[in-house]
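Reader: I would like to go through this structure and ask, for each label, what it rests on.

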Amino acid sequence: MSGASVASAAWLAEPSLQKLLAVLSEGGEQARVVGGAVRNTLLGEAVTDIDIATTTLPDETVRRAQAAGFRTFATGIEHGTVTVLADGRPHEVTTLRADIATDGRHATVSYGRDWKADAERRDFTVNALYAEADGTVIDLVGGLADLETRTIRFIGDAETRIREDYLRILRFFRFFAQYGGGRPDAAGLKACARLKEGMTRLSVERIWAELKKLLGAADPSRALLWMRQAGVLSLAIPESEKWGIDAIHGLVAAERDLGWPPDPLLRLEAIVPPDAARAVELAERLKLSNGERDRLVAWASAPLPAHDMAEAVFARLLYGGDLQAYRDRLMLALASARAYAGTSDKHMIEAGGYGRLLKFAAAWKRPVFPIAGKDLQALGIAPGPAMGDLLRRLEADWTASSFKLTREELLSRITAPGAPG
């Protein structure tokens, strides 16, 4: 990739970005796009964020950007970062800097004008590539050569980079999952294994954010394997230690073949046991969002339907349970069944058994119970615990009928011999 350029990238041609780079480069200053936008463009991957490195100090960055009509936000001013909103798109603009003190989680920085020093303080060589406004790529740490071989390599000494921020252990595996090829860099892998206990100093929010990105990669199976080998996975997700990650490969293959989008939480479910108590502990430890916690615990609590279950029976199960939980259980069971089947058997597996139930669940609409409290009041039944019990028993009869009993038939049961209540 010598003489590499991103000049043809559509994002680089955006007038607002070119204007911002220009105003930050006036009067002997310099500004370049840095990091993921450059890396992903050279790899042919999608670009989401466009970050900028500049020699202007933060206050000067704000002054110049606002004078040019851009809105600014002091999102990380203590670390030299200002967010500039250009044509509705946020750009993190960071002054060149060097770390003068680190504690494994945070860094004290000093500002400078040395591009090589700025590059050398970053994590991986492929993340330290800069691009001029004309698209010319500047490589000061060997990132282009590593892009060629899809090698995720720490800049300089791996242990030094990790001790600066132990989250880089998880980032090493995450970037390997997203962009790496072959085997992980040996020096980086050994350093991650040696220093993994340092992750206990990190906030759980940062750990889960990285794990979620890793699990959202197109195929995280190789990265998870190496994480397990290095002892990193069992430290981050101890529930996986005696359960294993073997189901991940089959799940990824099913996603690819059946058009399922990558789902980080479903992949997490694939590597931990379906144990409700442990799911609660995991959710609390990693501080999952309420929605993530509820989904994980519901999945762990839901029984796996028998593959030959009649659809009428399954409908009653869905009515009384959590639809997403059953879908998760069936997707994992189907992926596992496909993984152990011969190629010629996969279509049959998808058409019957778990595949049949999964299709039924996808099309299922929750029926509405046709009786309400006002119906019972009209028959002279007063509100209270007795009414609640009667409603529940009527609903149980309705469910047992596969939701076929009509409102009139249910109400007739209230006064008929042997009626509920």
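Reader: What makes the link between the side chains of T72 and Q66 a polar contact?

Author: The model is a predicted one. In it, the side chains of T72 and Q66 are joined at 2.9 Å. The cut-off for a pair of N or O atoms is 3.5 Å, so the pair counts as a polar contact.

Reader: Where is T72 found, and why is T72 called buried?

Author: T72 is in strand β3, residues 71–76. Its relative accessible area is 17%, and buried means under 20%, so the label applies. Beyond its neighbours within four places in sequence, T72 is in contact with V62, A65, Q66, V82, T83 and V84.

Reader: Why is T151 called buried, and what does T151 touch?

Author: T151 has a relative accessible area of 17%, which is under the 20% limit, so T151 is buried. T151 is found in the loop between α5 and α6. Not counting residues up to four places away in sequence, T151 touches V126, D146 and D185. Its side chain also makes a polar contact of 2.7 Å with the side chain of T149.

Reader: How many aromatic pairs are there, and why is the pair of F124 and F154 called tilted?

Author: The count comes to 13 aromatic pairs. For F124 and F154 the ring centres are 4.8 Å apart and the planes are at 50°.

Reader: Which parts does the pair of F124 and F154 tie together?

Author: F124 lies in the loop between α4 (115–120) and β8 (129–131), and F154 lies in the loop between α5 (143–149) and α6 (158–164). The pair therefore ties together parts that are 30 residues apart in sequence. F124 is buried at a relative accessible area of 0%, and F154 is buried at 3%.

Reader: What makes F124 and F172 a pair, and why is the pair tilted?

Author: Their ring centres are 6.3 Å apart, and the limit is 6.5 Å, so the rings pair. The planes are at 45°, so this pair is tilted. F124 is in the loop between α4 and β8 while F172 is in helix α7 (residues 167–179), so parts 48 residues apart in sequence are tied together. F172 is buried, with a relative accessible area of 1%. Ring pairs link F124, F154, F172, F173, F175 and Y179 into a cluster.

Reader: What makes α7 a mostly covered helix, and what do its buried residues pack against?

Author: Of the 13 residues of α7, 11 are buried. Among them are F172, F173, F175 and Y179, which also belong to the ring cluster. The buried residues of α7 pack against α2 (36–43), α6, α8 (186–195), α9 (204–215), α10 (221–230) and α11 (232–236).

Reader: How do you know that the span of α7 is close to the expected one?

Author: α7 reaches 18 Å from its first C-alpha to its last, and 18 Å is expected at 1.5 Å a residue.

Reader: How do you know that the charged end of R32 sits over the ring of W115?

Author: The charged end of R32 is 4.3 Å from the ring centre of W115. K19 lies over the face of F70, at 5.5 Å from the ring centre.

Reader: Why is K287 called exposed, whereas S402 is called partly exposed?

Author: The relative accessible area of K287 is 52%, and exposed means over 50%, so K287 is exposed. S402 has 23%, between the 20% and 50% limits, so S402 is partly exposed. K287 lies in the loop between α14 (276–286) and α15 (290–301), and S402 in the loop between α21 (385–400) and α22 (407–412). Neither is a glycine, but phi is positive in each: about 55° for K287 and about 60° for S402.

Terms used. Residues are numbered from 1 along each chain as its sequence is written. This is a predicted model: local features need pLDDT of at least 70, side-chain atom pairs count only at pLDDT 80 or more; totals for chains, interfaces and linings use all residues. Side-chain values use heavy atoms; hydrogens and water are left out. Rings of Phe, Tyr and Trp (its six-membered ring) pair if their centres lie within 6.5 Å; planes under 30 degrees apart count as stacked, over 60 as edge-to-face and the rest as tilted. Helices (H or I, at least four residues) and strands (E, at least two) are DSSP runs, numbered from the N terminus. Buried means under 20% relative accessible area, exposed over 50%, partly exposed in between (1.4 Å probe, protein chains only). A charge sits over a ring if NZ of Lys or CZ of Arg is within 6 Å of the ring centre and within 35 degrees of the ring normal. A polar contact is a pair of N or O atoms within 3.5 Å; within protein, one must be able to donate a hydrogen and the other to accept it, and residues adjacent in sequence count only if both atoms are side-chain atoms. Contact means heavy atoms within 4.5 Å. The expected span of a helix is 1.5 Å times one less than its number of residues.
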